[in-house]
Amino acid sequence: RLHRALDMNHRLPHTLAIVSAAVLMALGLFVLSGCSSLKKTQASGAPQNATARERVDSLAASYAEWSTVSMPVRLSISEPKQFSVTAQCVMRRNAYVSMSVRMLGFEVASVWIDNDSVHAVDKYHKRYLSEDFRRFMGGADVTIGDLQDLLLGRAFVAGTDGGTLTPALRSRLRADAMAEGLMLLPAQEPASFSYGFVLDDTANTLAAATVLAGDRHAVVVNYSDYYATPAGNVASRVTIETVKGRRIAAALGWNLKSAKWNAGNDRTWKMPSGYTRVSSAQLVQMLSSF
């Protein structure tokens with residue numbers, strides 16, 4: 001539904017959204033060689049006949065602060081090849097995203113992303129990927145908190161002086177009525193990239209996010225199956241698709257019914273000993289020959 005929107009002059013980098021696809025690629029490439037009460041968000045969440053400002057204000061008010069979350073996630077790629085794995089994801093707000101794939105009780109692959117680095121470890125083949133976070137993100141001013149919001153279906157203002165959309169940050173995003181629906185765009189575009197969100201037509205949630213960089217990279221992230229959580233409305237289904245350049249279609253399925261919010265955790269990443277380091281370029285090459 002956003003292909004026409006991608007042709008507008010608001011150009012968003014692949015970097016912010018593609019990192020989540022990179023998580024899937026890294027895990028998939030490597031692997032292949034207490035419950036909470038939830039209520040599904042109802043479509044009636046969007047006020048009838050509400051103005052654009054009222055809808056954005058309502059969206060901002062729907063988000064809540066959170067500190068940690070731990071939950072299972074199914075990671076799938078449908079193009080260029082098909083595979084799917086299940087991982088355990090642990091996130092500390094504004095600090096890190098950690099994913100671990102286990103088989104027969106043993107960890108076989110993991111991904112760690114924080115504000116400094118992106119790491120992926122393949123224990124079976126004893127190899128790992130390590131990249132500087134800012135370099136991996138194309139030098140864009142984005143944070144691990146932005147990535148967390150992108151993965152959960154929450155609107156945000158990108159950058160170190162931004163964060164999850166709140167009433168206080170409301171003026172940092174403008175609402176434009178477009179053929180695709182009500183779209184949220186930065187009031188002041190970043191120098192090296194652009195990004196935006198499309199609100200759902202009937203619910204007080206996001207339908208999609210877009211990320212573009214130049215003429216070669218364009219990524220659409222679609223959201224569905226929202227649930228009310230301690231962090232507010234969170235999408236349990238996230239699909240990621242590149243629509244320019246090499247086509248990659250990936251998806252994350254969050255098991256929100258098994259999520260443990262704000263239970264506290266303290267994880268760190270340790271460089272593996274005796275492993276071979278591969279570059280992101282080598283990772284892309286491996287994907288191309290997959």
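Strand β2 (residues 68-79) and strand β3 (residues 83-92) run antiparallel and are joined by ten bridges, where strands count as paired if DSSP finds at least two bridges between them. The model is a predicted one, in which local features need pLDDT of at least 70 and side-chain atom pairs count only at pLDDT 80 or more, while totals for chains, interfaces and linings use all residues. Residues are numbered from 1 along each chain as its sequence is written, and side-chain values use heavy atoms, with hydrogens and water left out.

**Overall make-up**

- The protein chain holds five helices and 18 strands, these being DSSP runs numbered from the N terminus (helices are H or I with at least four residues, strands are E with at least two).
- Of the 290 residues in the protein chain, 53% are buried; buried means under 20% relative accessible area, exposed means over 50%, and partly exposed lies in between (1.4 Å probe, protein chains only).
- The protein chain exposes about 12,900 Å², of which carbon and sulfur atoms supply 48%, with accessible areas taken from the Shrake-Rupley method with a 1.4 Å probe and, for residues, only the protein chains shown counting as cover.

**Strands β2 to β4**

- A hairpin of three residues connects β2 to β3, and Ser76 has Ser84 in β3 as its bridge partner.
- Strands β3 and β4 also pair in the antiparallel sense, over five bridges, and Met91 stands opposite Val97 in β4.
- The hairpin of β3 and β4 has three residues between the strands, and Asn94 there takes a positive phi near 60°.

**Helix α2**

- In helix α2 (residues 52-61), the buried residues are Arg55, Val56, Leu59 and Ala60.
- These residues lie on the same side of α2 because they cover an arc of only 135° around the axis, the arc being that of the directions from the helix axis to the C-beta atoms.
- Arg53 and Ala61, by contrast, are exposed on the other side of α2.
- As a general point, an α-helix has 3.6 residues a turn, so residues three or four places apart point the same way.

**Salt bridges**

- Eight salt bridges are counted, a salt bridge being a side-chain nitrogen of Lys or Arg within 4 Å of a carboxyl oxygen of Asp or Glu.
- Arg93 forms a salt bridge with Asp149, with the closest N and O atoms 3.3 Å apart; this pair links distant parts of the chain, since Arg93 is in the loop between β3 and β4 and Asp149 is in helix α4 (residues 144-152), 56 residues apart. Both Arg93 and Asp149 are buried.
- Asp122 and Arg127 form a salt bridge whose closest N and O atoms are 3.0 Å apart; Asp122 counts as buried because its relative accessibility is 0%, and Arg127 is buried with a relative accessible area of 15%.
- The side chains of Arg174 and Asp176 meet in a salt bridge of 3.2 Å, N to O, where Arg174 is partly exposed at a relative accessible area of 26% and Asp176 is partly exposed at 23% relative accessibility.
- Salt bridges that share partners also join Arg53, Asp57 and Arg170 into one network.

**Nonpolar surface patch**

- Met103, Leu104 and Phe106 form a nonpolar patch on the surface, with about 400 Å² of accessible area together; patches are made of residues with over 30% relative accessible area and no salt bridge, like charges being joined within 9 Å and nonpolar side chains (Val, Leu, Ile, Met, Phe, Trp, Tyr) within 5 Å.
- Leu104 is found in the loop between β4 (96-103) and β5 (106-114), and Leu104 counts as exposed because its relative accessibility is 83%.
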